[in-house]
Amino acid sequence: MSIAFSAWPAELAARYRAKGYWLDLPMTHILQEQMRQRPEAPAILCGERSFSYAQLDTLSDSLAAALHQQGLRTHDTALVQLPNQAEFFITYLALLKLGVAPVNALFSHQRLELLAYARQIQPRLVIGSTQHSLFANGDFLNELRDVAPSLHAVMLEASEGAQLPASCLRLADCLAAPAEGYTPTPTSADQVAFFQLSGGSTGTPKLIPRTHNDYYYSVRRSVEICQLSPETRFLCALPAGHNYTMSSPGVLGVFVAGGTVIMARDPEPLNCFALIERHQVNWVPLVPPAVALWLKEAPSHRARLSSLKVIQVGGANFAEALARRVPAELGCQLQQVFGMAEGLVNYTRLDDEPERIFTTQGCPMSPDDEIRVMDVDGQPVPQGQPGMLATRGPYTFRGYYQSPEHNAQVFDAEGFYYSGDLVEQDAQGYLRVVGRVKDQINRGGEKIAAAEVENLLLQHPGITHAAVVAMPDELMGEKSCACVVASDSALKPAALRKYLRAQGVAEFKLPDRFQFLEQLPLTAVGKIDKQRLRNALQASSSEQR
Ligand code: AMP
Ligand code: DBH
């Protein structure tokens, strides 16, 4: 049975088809096209290994065939957690061919995140890496099998001949298996191709069903705007599964254009500079803190960066002062990107005036992206005034997976999604992100749902109240502070961090600071007054300067 999701109303779907946005082709078409146009061109460079498009096709066929032999079928789901390596994309393509919809967990995710995803999708397959502590032995697999009993497991080995947990296949063996006669069976183009991850603002991490039609359109339109070509040499240094890295225009955009992706394990500048020089990289997406680090290191390495044409920056608020330094100090163009895994992506255009590029986060990529900027009473604000962003369009989702209550809160009756961002829109349609109403911390592009961390803290017997809020940070933009009322006066931050780690939450969600208080300030209606907490933290951080 196909995966249930909130589809677009027929009238809008018809419009998106009529305008050529939705092609009714599964995303496996991307690889088919390159097999026709340039099978021998290099698609991925990963360490000392190089993979042509033809090799991506063969390897993903092999993996799909091996998984089919294990009993996996169209409309099944999978939980995938792989590091930034070619195998991530080979696996993604194999699962598209097989019609198995994955959740691509970030490599930084831990036990709680993976279990939350597994509970929601009931996967029949997990693909992990023994490099990750969760899969270093079989304990976590057993735990996953309690949630999803008919689970097959495939592991990427950290090193050749490494010990695998019991009852796992080796990914390397699956990739080496012959796949003669294998015929792909992707899900149909109007069905779920995979799940994206939401940054979230609730207790449980939410999943975003993305269909072939909507996602493939978002990638093709991004390729047009970003003018990718077979000459594109793209550095993949942000987490590969992130929506930005994958689709804006992302690695999939490079595959659509027939260019080359160079894998980096993370955005650390010196390693990236070496890759840029060695492989003549000309395009790289980054988050703001990475740009700050690159700007710091660049002066002594300018010559190594001479191939760069465009640095994209998105994921979190990018200070105008830093934006202005990019062209002069990194020697390339800046593109600002404001996107979300839920859909809507805004870009500054490559031929925009520099002022526009430095001071806005771009405008919607599709002519059929509908944008409303609303006040708290549900009325549109005058142009140029800040308000809540609401949007719908040909690649913006219509509901989180299995979350009717949350969906009722973030969608209006016309199907507009309220992203929780405060924006201003100018007369040309360009957006500036000026704030946020969702209860989230944006730690340099990594999103933390306050409620998720608060729930974990409140499970500690020594904590009576907890409120997690953002505090300003020079490098990360924001860091997280947990304001807690403790019944145990001997409780220390180190013990609380250890407690959270033991619960199995991703490291980036651990509060950067703990503030012990006698009581939490309350609003008139008796809710925790987070604004007052934030103001107090802001005041104390500026005192420290
Ligand atoms: P996610 O839900 O994890 O996909 O994160 C999307 C959110 O990241 C958006 O709703 C914004 O809050 C934030 N974001 C993305 N790009 C930018 C940007 N260029 N400037 C400010 N915030 C951004
Ligand atoms: O932060 C994001 O989620 C994001 C940023 C830029 C995104 O999803 C995107 C571009 O597609």
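## A buried leucine in a loop

Leu72 is buried, with a relative accessible area of 0%. In this predicted model, Leu72 sits in the loop that connects α3 (53-69) with β3 (77-80). Neighbours within four places in sequence aside, the residues in contact with Leu72 are Leu67, Leu98, Val100, Arg124, Leu125 and His152.

## Helix α2 and its cover

Helix α2 comprises residues 29-37, and its buried residues are His29, Ile30, Leu31, Glu33 and Gln34. The elements covering these buried residues include α3, α4 (86-98), α8 (212-226) and α10 (250-257).

## The four-stranded sheet

An open sheet is built from four strands in the order β17-β18-β19-β20, with antiparallel pairing. The edge positions are taken by β17 (370-374) and β20 (431-436); each has a single partner strand, so one side of each is left without a neighbour in the sheet. From one strand to the next, the twist averages 45°.

Within this sheet, β17 pairs with strand β18 (residues 387-392) in the antiparallel sense, over five bridges. One of the residue pairs involved is that of Val373 with Leu389, its bridge partner in β18.

## The site of ligand 1

Ligand 1 is surrounded by 17 residues, of which the closest are Val337, Ala341, Asp421, Lys438 and Lys447. Strand β14 (residues 333-340) contributes the largest share of this shell, namely four residues.

Backbone atoms supply several polar contacts to nitrogen atoms of ligand 1. A polar backbone atom of Val337 lies 2.7 Å from a nitrogen atom of the ligand. For Gly315, a backbone N or O atom is 3.0 Å from a nitrogen atom of ligand 1, and for Ala316 the corresponding distance is 3.3 Å. On its own, ligand 1 has 500 Å² of accessible area, and the protein covers 95% of it.

## The site of ligand 2

The residues around ligand 2 are His242, Asn243, Tyr244, Ser248, Gly315, Val337, Gly339, Met340, Ala341, Val345 and Lys447. Among them, Val337, Ala341 and Lys447 also belong to the closest residues of ligand 1. Both α9 (243-247) and β14 supply at least two residues of the shell around ligand 2, and β14 gives the most, with three residues.

Oxygen atoms of ligand 2 are approached by side chains and by backbone. A polar side-chain atom of Lys447 is 2.9 Å from an oxygen atom of the ligand, and a polar side-chain atom of Asn243 is 3.0 Å from an oxygen atom of ligand 2. From the backbone, an N or O atom of Ala341 lies 3.3 Å from an oxygen atom of ligand 2. Taken alone, ligand 2 exposes 290 Å², of which the protein buries 95%.

## The hairpin of β21 and β22

Strand β21 (residues 440-443) and strand β22 (residues 446-449) run antiparallel and are joined by four bridges. Gln440 has Ala449 as its bridge partner in β22. Two residues lie between the strands of this hairpin, in which Gly444 takes a positive phi near 65°. Lys447, a residue of the shells of both ligands, falls within the range of β22.

Strand β24 (residues 477-486) pairs with β25 in the parallel sense over four bridges, and the bridge partner of Cys481 in β25 is Arg513.

Methods
Residues are numbered from 1 along each chain as its sequence is written. Chains are lettered from A and ligands numbered from 1 in the order in which they are written. This is a predicted model: local features need pLDDT of at least 70, side-chain atom pairs count only at pLDDT 80 or more; totals for chains, interfaces and linings use all residues. Side-chain values use heavy atoms; hydrogens and water are left out. Buried means under 20% relative accessible area, exposed over 50%, partly exposed in between (1.4 Å probe, protein chains only). Contact means heavy atoms within 4.5 Å. Two strands pair if DSSP finds at least two bridges between them. Axes are lines fitted to C-alpha atoms, for helices over the stretch in contact, and angles run from 0 to 180 degrees between N-to-C directions. A residue is near a molecule or strand if one of its heavy atoms lies within 4 Å of it. A polar contact is a pair of N or O atoms within 3.5 Å; within protein, one must be able to donate a hydrogen and the other to accept it, and residues adjacent in sequence count only if both atoms are side-chain atoms. Accessible areas come from the Shrake-Rupley method with a 1.4 Å probe; for residues, only the protein chains shown count as cover.
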